[in-house]
Amino acid sequence: MAEPRKQEKDYTKEVDELFPETRSLAEAGKLQDALDKLFALEKHARNASDAASTTRLVKEICELCYQARDYALLNSSILNLSKKHGQLKVSIQAMVEQAMGWLSEIREREGDEKWLELIETLRNVTEGKIFLETPRARVTLQLTHHHESLAKSPRLGSPPAKVCLQTASDLLSDLQVETYSSMERREKTEFILEQMRLLIALALVKDAEVGQEGLKDSIGGGEAEWVKVRVGGRKVNESFLTEKENEDLKLKYYDMMIQYALKHDAYLDAAKYYYKIWETPNIKEDVTGRGRAALEHIIYYVVLAPHDNEQSDMLHRLSKDPALEKLELQRALVNCFTTPELMRWPGIEEMYGPLLRQTSVFSSDKLWEDLHTRVIEHNIRIVAQYYTRITLLRLTELLDLTQQQAEETLCRLVVSGTVWARVDRPTGIVNFRSSKSAEDVMNDWSSDMQRLLGLVEKTWMGVNAAQAAQSRAAKA
């Protein structure tokens, strides 16, 4: 490919005169003779930098090969024309776009074999050419869907489903579409979401193989793919998804991010993603369908998330949301966690268990056990608020646990910094208040004295103002 040069000669007249002759030759079965004449004139037009004529000629060469159903000659002609010395970019681009328009028809008429040959030809021509990055991405996407279809519906002689899915994922992941300047923003986002979707599908297959002997990826599972999903998620501009015309992309994106969050037990992140879905106008208006389901999942995953400032803030904001009034069960569950009172697990299990266990979230034994853990952690925080010291025996009674389970849960909260506690095992006492140093005591005393002096000064000013008002009233 040469740099753009000034056109030296116009071959429009020669091209117009040659086309009827070459078409007659092709119809008479002399395709090679027609191509030879076109190739000869194409060389002159190319050397003269006549972009319009060169483009017409290369397209006519491909058109004659296609009309003759000579796909081997079509593929070789596309490769040869793209490699000609000084070939013009616009000509190559027009030729590739023309060939891409035939892909669906060739597949329907000739089958996958000829279609795959043309796909590989186009991928070879577009490789490494920035001005053809968008056509290459679109062709690769079609090839990716082909391999994915082989994974879903294996054919005779096709590779195993996992290999096909791996090939499809690798093909699409190799495209760095976020750097393509010629691709529209929405199409970029669609490509990134498709990359994430295939990575998740492959990760789930590998995760299912964990623990099976004799499998190469059974040890690590699909963790490498999950990492790529997270990286791909960061390439998506979430503010772009908030636009009304991109709601379908928004739902796809957050659905995949929810899968990623649940894979890593990041319940608070899952709740945030469901909240983004719920904020979508079409979803929020559907108060009995998808809107209700999204709100229920927000509540479930916020409750399941470990306690911290962000989780507590989101939980309290949800408790005040008017939309929660239509969900009696979920509102009662939120109130249990926002009220500074103990929750006895047997009572919670009896009251909420029959309904919650029927949901898609708590039908999992693991998530039900996580809810039990959050109830225990909530009770420990409440005990730490109301008790300075408590016996282990009494603590286990309040938590409805064995002594070992109570100690393990308490230690986990202490390590995470949620509560401060010290266990005296010989005496069987848990202390929830740390002993203060002399410096802390003096700081508290100084702070108390400052507040006391402030109150005295405020009171003195109030007395003086009252006395002044009485003296003015007496003089009057």
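How much space lies in the second largest pocket? The legends below take up this point among others. The model is predicted, and local features were taken at pLDDT of at least 70 and side-chain atom pairs at pLDDT 80 or more, whereas totals for chains, interfaces and linings use all residues. Residues are numbered from 1 along each chain as its sequence is written, and side-chain values use heavy atoms, with hydrogens and water left out.

View 1. About 180 Å³ of space lies in the second largest pocket, where a pocket is, on a 1 Å grid over the protein atoms alone, an open set of points where a 1.4 Å probe fits, with protein on both sides within 12 Å along at least five of seven lines, and lining residues have an atom within 4 Å of a point. The volume is the space filled by probe spheres set on the points, which are joined across faces, edges and corners. The lining includes His 145, Glu 187, Glu 190, Arg 197 and Lys 252. Two or more lining residues come from each of α8 (133–152), α10 (185–208) and α13 (247–263), helices being DSSP runs of H or I with at least four residues, numbered from the N terminus. With six residues, α10 gives the most to this lining. By class, the lining holds five nonpolar, one polar and five charged residues, with Ala, Val, Leu, Ile, Met, Phe, Trp, Tyr, Cys and Pro counted as nonpolar, Asp, Glu, Lys and Arg as charged, and the others, Gly among them, as polar.

**View 2. The largest pocket.** The largest pocket contains about 270 Å³ of space and is lined by 19 residues, with His 307, Ser 312, Phe 337, His 378 and Arg 381 nearest its centre. At least two lining residues are supplied by each of α17 (309–319), α18 (328–338) and α20 (365–386), and the largest share, six residues, comes from α20. Seven nonpolar, nine polar and three charged residues make up the lining of the largest pocket.

View 3. Among the buried residues of α14 are Tyr 267, Tyr 273, Tyr 274 and Trp 278, where buried means under 20% relative accessible area, exposed over 50% and partly exposed in between, for a 1.4 Å probe and protein chains only. The buried residues of α14 pack against α11 (223–235), α13, α15 (281–285), α16 (290–304), α17 and α20, with contact taken as heavy atoms within 4.5 Å.

**View 4. Arg 412 in helix α22.** Arg 412 lies in α22 (residues 403–416) and counts as partly exposed at 39% relative accessibility.

**View 5. Two loop residues with positive phi.** Most residues other than glycine have a negative phi. Ser 49, in the loop between α2 and α3 (51–67), has a positive phi of about 60° and is buried, with a relative accessible area of 8%. Arg 69, in the loop between α3 and α4 (71–83), also has a positive phi of about 60°, but Arg 69 is partly exposed at 36%.
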